[in-house]
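Welcome, and thank you for taking a look at this protein with us. Let us walk through it one part at a time.

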Amino acid sequence: MTTQVIILNGGSSSGKSGIVRCLQAVLTGPWLALGTDTLVDAMPAAMQASDSGIGFAPDGEVSVGPEFRALEAAWIEGVAAMARAGARVVVDEVFLGGADSQRRWQQALGELRVLWVGVRCDGAVAAGREVARGDRIIGMALSQAEPVHQGVVYDLEVDTTHTESMECARTIAAHVG
């Protein structure tokens, strides 16, 4: 059975987005790229100022409330529906809840063939990238570097600390059935 969905999980500034772009270049056929940033960008701005939505603390800590979870659940089901309809999808995700986040995806994806990929990066390196990007709250990368992986089971892990996105993408592509 061929891989229908690739889930990349890693902290902010770990290199997931670069890997996704490279995967789209090296994988056979078209793959849609979707990510947690896609979901957050699609939400009303008011949800970023509400306890029931998503909040970003000055130290980079991210908190989510019930309205965010409800929209996230619908979004995950939508991604799964696209894959069931024949689209191949690469998801750029941040499992803020570690294993609980993975379980939400597993439940929605059900019988679909999924390749679970952990994208690791040394926290200090990710923090440097965060500063260079200029579009993230300082501290987010360091606070997420390890917790997003806690209890998560992967088929494959890559480490972007010293490895370029294209090399990581080729490693992942070699595992796509």
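Helix α1, made of residues 16-26, lies across β1, β2, β5, β6 and β7. Its direction makes an angle of about 170° with β5. Helix α3 lies across β1, β2 and β5, and runs at about 170° to β2. Please keep in mind that this is a predicted model.

**The sheet**

What is the order of the strands that these helices cross? The strands form an open sheet of five, in the order β2-β5-β1-β6-β7, and their pairing is parallel. At the edges are β2 (32-35) and β7 (156-159), each of which pairs on one side only. Neighbouring strands are turned by 20° against each other on average, ignoring direction. As a general rule, strands of a sheet pair through backbone hydrogen bonds, in either a parallel or an antiparallel way.

Now let us look at β1 and its partners. Five bridges join β1 to β5, and the two run parallel. β1 also pairs with β6 in the parallel sense, over five bridges. Here are two positions where residues stand opposite each other:

| Residue | Opposite residue | Strand of the opposite residue |
|---|---|---|
| Leu 8 | Val 117 | β6 |
| Asn 9 | Glu 93 | β5 |

Why is β1 described as largely enclosed by the rest of the structure? The reason is that five of its five residues are buried. Val 5, Ile 7 and Asn 9 point one way from the strand, while Ile 6 and Leu 8 point the other way. In a regular strand, side chains alternate between the two faces of the sheet.

**Helix α4**

Next comes helix α4, which spans residues 99-109. Its buried residues are Ala 99, Ser 101, Gln 102, Trp 105, Ala 108 and Leu 109. An α-helix has 3.6 residues a turn, so residues three or four places apart point the same way.

Ser 101, one of the residues found in α4, has a relative accessible area of 5%. Because buried means under 20%, Ser 101 counts as buried. Leaving out residues up to four places away in sequence, Ser 101 touches Phe 95 and Leu 96. After the helix comes Gly 110, which has a positive phi, near 45°.

Where does Cys 121 sit? Cys 121 is in the loop between β6 and α5 (123-133). With a relative accessibility of 6%, Cys 121 is buried. Beyond its neighbours within four places in sequence, Cys 121 is in contact with Ser 14, Ala 126, Arg 129, Ala 145, Asp 159, Thr 160 and Thr 161. Cys 121 and Val 5 are 116 residues apart in sequence, and their C-alpha atoms are 22 Å apart in space.

Cys 121 is also one of the residues that line the largest cavity. The count comes to one cavity of 30 Å³ or more, and the largest cavity has a volume of about 30 Å³. Its lining also includes Gly 11, Ser 12, Ser 14, Val 119, Arg 120, Ala 126, Ala 141, Ala 145 and His 149. How is this lining divided by class? It has five nonpolar, four polar and one charged residues.

Conventions. Residues are numbered from 1 along each chain as its sequence is written. This is a predicted model: local features need pLDDT of at least 70, side-chain atom pairs count only at pLDDT 80 or more; totals for chains, interfaces and linings use all residues. Side-chain values use heavy atoms; hydrogens and water are left out. Buried means under 20% relative accessible area, exposed over 50%, partly exposed in between (1.4 Å probe, protein chains only). Helices (H or I, at least four residues) and strands (E, at least two) are DSSP runs, numbered from the N terminus. Two strands pair if DSSP finds at least two bridges between them. Axes are lines fitted to C-alpha atoms, for helices over the stretch in contact, and angles run from 0 to 180 degrees between N-to-C directions. Contact means heavy atoms within 4.5 Å. On a 1 Å grid over the protein atoms alone, a cavity is a set of points where a 1.4 Å probe fits but cannot get out, and a pocket is an open set with protein on both sides within 12 Å along at least five of seven lines; lining residues have an atom within 4 Å of a point. Grid points are joined across faces, edges and corners, and a volume is the space filled by probe spheres set on the points. Ala, Val, Leu, Ile, Met, Phe, Trp, Tyr, Cys and Pro count as nonpolar, Asp, Glu, Lys and Arg as charged, and the others, Gly among them, as polar.
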